[in-house]
Amino acid sequence: MDQETPRLTRESLYLSIAEVVAERSTCRRLRVGAALVSPGGGVSIGYNGAPKSMPHCTSETCDPNGEKCLSTVHAETNAILAAARTGMTIVGGHLYCTHSPCENCARMIINSGILRVTFISLYGEEGIKLLISAGIKIGTGKPSDWE
Ligand SMILES: [Zn+2]
Ligand SMILES: [Zn+2]
């Protein structure tokens with residue numbers, strides 16, 4: 001490949017991964033994906049869905065017109081848990097998400113040692129406020145950037 005050929009940026013790569021991962025979501029209300037990148041370059045992924053071996057969202061547990069899905073573990077939390085399951089270090093890591101984290105996920109992100117969060121769509125401002133107040137760097141981007 002010659003040097004004139006555009007190359008996908010790192011940010012766009014991981015945001016695109018988060019977007020693809022979101023397509024695995026089992027939530028009826030909203031599909032969310034996350035890619036958590038360790039300082040060493042390892043990647044763990046997460047999407048929102050019911051806990052393992054529990055039934056997927058139904059009209060009772062997940063109201064498409066409601067404010068909250070009651071049965072899922074969120075994508076950001078699942079990416080952190082996937083790192084825990086596989087032993088991937090996430091202290092100093094960078095989390096890429098299709099949506100900005102909710103307050104609960106923001107609290108877990110803060111305590112996990114993740115230092116940066118980049119998201120595509122804003123999903124409420126409370127989580128972002130928490131992250132900023134904890135000194136976590138926030139970025140927004142779209143997976144269409146080339147270098
Ligand atoms: Zn749901
Ligand atoms: Zn959340």
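## Two helices side by side

Helix 2 and helix 3 are roughly parallel to each other, a term that covers angles under 35 degrees. In this predicted model, local features need pLDDT of at least 70 and side-chain atom pairs count only at pLDDT 80 or more, while totals for chains, interfaces and linings use all residues. Residues are numbered from 1 along each chain as its sequence is written, with chains lettered from A and ligands numbered from 1 in the order in which they are written.

Helix 2 (residues 75-86) packs against helix 3 (residues 103-112) at an angle of about 30°, their axes 9 Å apart; helices are DSSP runs of H or I with at least four residues, and strands are runs of E with at least two. Across this packing, E76, T77 and I80 of helix 2 meet C105, M108, I109 and S112 of helix 3, where contact requires C-beta atoms, placed from the backbone, to lie within 7 Å.

Five strands form an open sheet with mixed pairing, in the order 2-1-3-4-5, and two strands pair if DSSP finds at least two bridges between them. Strand 2 (43-47) and strand 5 (137-140) are the edge strands, each pairing on one side only.

Strand 4 (residues 116-121) pairs with strand 5 in the parallel sense over four bridges, and R116 has K137 in strand 5 as its bridge partner. Helix 1 (residues 10-22) packs on the sheet, touching strand 1 (33-37), strand 2, strand 3 (94-99) and strand 4. The direction of helix 1 makes about 140° with that of strand 1, angles being taken from 0 to 180 degrees between N-to-C directions.

Methods: Parallel < 35°, antiparallel > 145°, perpendicular 65-115°, else oblique. Contact = placed C-beta atoms within 7 Å.
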